[in-house]
Amino acid sequence: MAAIHPRGNRHPTSASLVNFNLLREMPASGVGSCTRMTKTGGCGSTSRGNQFKEASSMTDKSDTPDNSRRTFLALTAAAPAALALGGTASAQTATQESALPGSGRAAIVTGSSRGIGAATAKRLARDGYAVTVNCLTHIDLAAQVVAEIEAEGGRAIWLQADVADPEAVRALFAANEEAFGGVDVVVGNAGIMNVSPFAEMSDAAFDRMIATNVKGGFNTFREAARTVRKGGRIITLSSGIVRQTPPAAAAYAGTKADLQIYARVLAKELAGSNITVNAVAPGAVDTQLLRQHGEDALRGIPEATPLRRLGQPEDIAEVIAMICSNSGGWVNGETIYANGGLN
Ligand SMILES: NC(=O)c1ccc[n+]([C@@H]2O[C@H](COP(=O)([O-])OP(=O)(O)OC[C@H]3O[C@@H](n4cnc5c(N)ncnc54)[C@H](OP(=O)(O)O)[C@@H]3O)[C@@H](O)[C@H]2O)c1
């Protein structure tokens, strides 16, 4: 299963290309095996190519025999979380945990070795999802995210896969399928941000960003469209920069605008599946994606933000968890801006 797909230079942006004024005002972009997990069995099975699979619907809780089985399986899946949270795995605790939105379900989060993706993977795991973590090069960080999830009683695997490579993305979904029996949530989070005025943007920086953000986003959505089970959630990470359109951000903002279109169109294509597809557009978030450009990249953002602080990866993970919960079931084909008021 361990498909290793190292690619070349992924972050061709040099600090000299960064427009610090721009960064002050705006947000940003960007296998080895691991802990081999047993299949949950609680997710049912899924076959690629069949769009609307049998599965544990997030909203369909009616009392059919199928659902009785799901409830049983959800209880089984919730037991480790109950242990972690309460320290006492009483039947009562397990029953409470079975109400977790992710009980008996699985999520794939691309680019989850650090930053927003890592926070999202850990947040979804706390909601009961078995999580497939993904990275490009930082396998140590990906393994650490898995270890943290397991330490809290969750289930996770990690896989190195370049989202720009369709084969690697297929391998990522296949690894999740093998470990957890199917997928209910896909978060297309992997991304890079190369900013530069038109006149100074290099071909390499432009091409790599298109490959990662646009092609990678497409590859992820295509596999998601083929495999996510009925009642599931598909989410992509856009950016508030699409609305801000500051100088030097054209190429990056363009890639992030594409992802909003992907979400709107796929939401329509999956009509009848009870799968929602949305984009989340963060404002400036304190991650390596900004910090790679130096401390100056963060200067002034808290003051310019009505909530008077820099966004944290966990802020965005909460929004994603909300969309994935039953409460988010009516939000579909939308872009949700989450930026503390920084517009
Ligand atoms: N931070 C912000 O202010 C901000 C604002 C708006 C939108 N966003 C968007 O939010 C998403 C996450 O950003 P972040 O700030 O958390 O970034 P980050 O801290 O730089 O993390 C990027 C993640 O993506 C992975 N990655 C990069 N290229 C990849 C590829 N080709 N294939 C697979 N994984 C890849 C990285 O893996 P490795 O660790 O192995 O390199 C890492 O896990 C991005 O799509 C970004 O555009 C961020």
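**Exercise 1. How are α7 and α9 oriented to each other: roughly parallel or oblique?**

Solution. This is a predicted model.

Step 1: take the geometry. The axes of α7 and α9 cross at roughly 10° and come within 10 Å.

Step 2: apply the cut-off. Angles under 35 degrees count as roughly parallel. Therefore α7 and α9 are roughly parallel to each other.

Step 3: list the contact. From α7 come Phe206, Met209, Ile210, Asn213, Val214, Gly217, Phe218, Phe221 and Ala225. From α9 come Ala251, Tyr252, Thr255, Lys256, Asp258, Leu259, Tyr262, Leu266 and Glu269.

Step 4: The contact of α7 with α9 divides into 12 nonpolar, 3 polar and 3 charged residues.

**Exercise 2. Check the length of helix α9, then find what its buried residues pack against.**

Solution. Step 1: compute the span. Helix α9 covers residues 250-269, which is 20 residues. At 1.5 Å a residue, the helix should span 28 Å.

Step 1: compare. The end C-alpha atoms of α9 are 28 Å apart, so the two values agree.

Step 2: pick out the buried residues. They are Ala251, Tyr252, Ala253, Thr255, Lys256, Ala257, Asp258, Leu259, Tyr262, Ala263 and Leu266. Lys256 and Asp258 are among them.

Step 3: find their partners. The buried residues of α9 pack against the helices α7 (203-227) and α8 (241-244). They also pack against the strands β5 (228-237), β6 (276-282) and β7 (335-338).

**Exercise 3. Compare how α4 packs on α12 and on α5.**

Solution. Step 1: start with α12. Helix α4 (residues 115-126) and helix α12 (residues 313-324) pack at about 45°, with axes 8 Å apart. Therefore α4 and α12 are oblique to each other. Their crossing is right-handed.

Step 1: list that contact. On the α4 side are Gly115, Ile116, Ala118, Ala119, Thr120, Arg123 and Leu124. They meet Pro313, Glu314, Ile316, Ala317, Glu318, Ile320, Ala321 and Cys324 in α12. The contact of α4 with α12 holds 10 nonpolar, 2 polar and 3 charged residues.

Step 2: turn to α5. The axes of α4 and helix α5 (residues 139-151) come within 10 Å and cross at roughly 20°. Therefore α4 and α5 are roughly parallel to each other. This crossing is right-handed.

Step 3: list the second contact. Ala118, Ala121, Lys122 and Ala125 in α4 meet Val145, Glu148 and Ile149 in α5. The contact of α4 with α5 has 5 nonpolar, no polar and 2 charged residues.

**Exercise 4. Which residues does Leu124 touch, leaving out those up to four places away in sequence?**

Solution. Step 1: locate the residue. Leu124 is found in helix α4.

Step 1: judge burial. Leu124 has 30 C-beta neighbours inside 10 Å, so Leu124 counts as buried.

Step 2: name the contacts. Leu124 touches Gly102, Ala107, Val109, Tyr129, Val131, Val185, Ala321 and Cys324.

Step 3: take one pair. Leu124 and Ala107 are 17 residues apart in sequence. Their C-alpha atoms are 7.6 Å apart.

Conventions:
Residues numbered from 1 in each chain as written. Predicted model: local features only at pLDDT ≥ 70, side-chain atom pairs only at ≥ 80, totals over all residues. Axes fitted to C-alpha atoms, helices over the stretch in contact; angles between N-to-C directions. Helix = DSSP H or I, 4+ residues; strand = E, 2+ residues; numbered from the N terminus. Parallel < 35°, antiparallel > 145°, perpendicular 65-115°, else oblique. Left-handed = near helix turned anticlockwise from the far one by under 90°. Contact = placed C-beta atoms within 7 Å. Nonpolar A, V, L, I, M, F, W, Y, C, P; charged D, E, K, R; others polar. Expected span 1.5 Å × (residues − 1). Buried ≥ 20, exposed ≤ 12 C-beta atoms within 10 Å, placed from the backbone.
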